[in-house]
Amino acid sequence: MKTLVIASHNNSTLSPVTLAAVSAALKIGASFDIFVAGKGCATVAEEAAKIDGVSAVLVADHDALEYQAAENLAATLQANAEGYSHIVAPATSVMKDALPRLAALLGVGQISDITGVNGEAEFVRPIYAGNAIATVTSSDAVKVITVRTSAFDAAPTGAGTGAITAVDNAVDCGLSRVVSEEIAQSERPELASASIVVSGGRGVGSEENFALIEKLADRLNAALGASRAAVDAGFIGNDHQVGQTGKIVAPDLYVAVGISGAIQHLAGMQGSKVIVAINKDPDAPIYEVADYGLVGDLHDLVPELEAKLASVL
Amino acid sequence: MKILVPVKRVIDYNVKVRIKQDCSDVDLSNTKMSINPFCEIAVEEALRLKEAGTASEVIAVCIGPKIVKEQILAALAMGADRAIRIDVEEQPEPLVIARLLAKVAEQEDAGLIMMGKQAIDSDNNQVGQMLAGIMGRPQGTFASVVKIEGDEALVTREVDGGLQTVALKLPAIVTADLRLNEPRFTKLPDIMKAKRKPIAETTAADLGVEVTSTQQQLSVAAPATRQAGIKVASVDELVDKLKNEAKVI
Ligand SMILES: Cc1cc2nc3c(=O)[nH]c(=O)nc-3n(C[C@H](O)[C@H](O)[C@H](O)COP(=O)(O)OP(=O)(O)OC[C@H]3O[C@@H](n4cnc5c(N)ncnc54)[C@H](O)[C@@H]3O)c2cc1C
């Protein structure tokens, strides 16, 4: 039994969500290697080699893997899958794209978005937007798994001494190319790993008003989130959407402002430790999950909260 | 160019799921069922491509027992030209679904397979990617814009950091995200017309696909429910609670 963990990275740094996938791998129990697929990603491999307990770091450094396009990533992983009983990756958009393709190439199923590991072949995963939690087993020879990273603590890193090995069998399928990317650059913490998230919904009213939410987020050094309605209305970019089809977050503190609390939104944030809701409707469903509810007009309450936090933080 | 659109019958997205007493599965008896919302978006996108003259025919495929005709009719009422039902008793696993769809896509010589990115019941988000892998075709997942230019599909994808646009060599598989479009409403005459559209029936055996299973659901539980907390009367009280009670700031 041996696990291959696929690293999430941007060719220069290792994303911390990789450590959550390593935690899942540790629970599976086998020794583990890490696979880094990218272009000019040597620093990522060095970081990965320091993860406590890693055996080997395999690096496929190739032009075709610059964006980790699913076609090339899946084919490259298939070429290196021999000998692994489990292939585990954090459920990022890159891995959600590539891993099912890999599973199909290997002729096995995938277990998506696990939140728990009960053993080598038994896993826990939410279904129905998190309204039911399933325990599933797999009898596949290779278990291909994506991990809901908010459900696992980061594995320890710093003491590892993994051997870095370059692999030269990267595959370029030549089926697709990246035309352009609009990746938001932000000084704020990343949504998926932030310890505080401040989210705005349709109730915020406009793109201009979203500045209120941003100011509050900055005051708390929080990541910025949004409901789908706020994204659809153009108040903020899609990369901020929290929910069933957006990002799943579980921060220490989640502040929902002008968000009603639809089940699809709750699916993305109800694992948060403390939830605060600010809404003018005292019967909004968000209050059913909120630890602290503040009823009133967000246009008054948010600036007041921001100002008062300034004096206590 | 023919467009193939797989549609799945799932619990209506507005309905709250119940879990069976014996915790073996969710209870779908007497539950409103609909087309998976992402599949509906895929149907809409295919229809728009046809209306723009890019596609010649839109074919809906649905895998399931007779009852899934309800969802097939819904897709036909939206405007799909014809449909194929692959008869199976129970929902096969995603890999088998992908194998079945691959056979149909080959038979139909589909230029584009437009499908939902995930089903809101199993939340797997797998079939499109598996299908693309099996067929050796490019994939544009989580699409929010789809354009066909020459022999390429230009797909803008919703990715973690923002948006990414890829060019895929046709034939290709594209999976729809929520913002791709807003599906049309169907009117009564459309539903009447849909009843006259052809629905072909086939089986896994006809398609030469073995319905295997390697995954088993042992049990289903309700999620840990949160207790509703308290309402605070003022911003001051909120700040005090966060600082001194919850200790999160
Ligand atoms: C398949 C599917 C997937 C989905 N996935 C997601 C997802 O991932 N994430 C997601 O968020 N949604 C998702 N949705 C959409 C979801 O169903 C809701 O439509 C959406 O979450 C609503 O967003 P909202 O709460 O911002 O808007 P609304 O429901 O319109 O709520 C706005 C709230 O703001 C309050 N408000 C208004 N003005 C003020 C004011 N001045 N001060 C204080 N409060 C005010 C109102 O009382 C109301 O409660 C999905 C839907 C479907 C069908």
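Here are some questions and answers about this predicted model.

Residues are numbered from 1 along each chain as its sequence is written, and chains are lettered from A in the order in which they are written. In this predicted model local features need pLDDT of at least 70, side-chain atom pairs count only at pLDDT 80 or more, and totals for chains, interfaces and linings use all residues, while side-chain values use heavy atoms, without hydrogens and water.

Me: Which residues of helix α5 of chain A are buried?
Reply: Happy to start there! Helices here are DSSP runs (H or I, at least four residues), and strands are runs of E of at least two, numbered from the N terminus. Buried means under 20% relative accessible area, exposed over 50% and partly exposed in between, with a 1.4 Å probe and protein chains only. In α5 (residues 210-219) the buried ones are A:Phe210, A:Ile213, A:Leu216 and A:Ala217.

Me: Why are they on the same side of α5(A)?
Reply: An α-helix has 3.6 residues a turn, so residues three or four places apart point the same way. The arc is taken from the directions between the helix axis and the C-beta atoms. These residues share a side of α5(A) because their arc is only 120 degrees.

Me: Is B:Ser234 buried or partly exposed?
Reply: This residue sits in the loop between β15 (230-232) and α7 (235-245) of chain B. Because its relative accessibility is 28%, B:Ser234 counts as partly exposed.

Me: Which are the edge strands of the open sheet?
Reply: The sheet has 10 strands with mixed pairing, in the order β11(A)-β11(B)-β10(B)-β9(B)-β12(B)-β8(B)-β1(B)-β6(B)-β7(B)-β13(B). Two strands pair if DSSP finds at least two bridges between them. An edge strand pairs on one side only, which here picks out β11 (176-183) of chain A and β13 (199-203) of chain B.

Me: How many bridges join β1 to β6 in chain B?
Reply: Strands of a sheet pair through backbone hydrogen bonds, either parallel or antiparallel. Within this pair, B:Pro6 stands opposite B:Val61 in β6(B). Strands β1 (residues 2-7) and β6 (residues 57-63) run parallel, and the number of bridges is 6.
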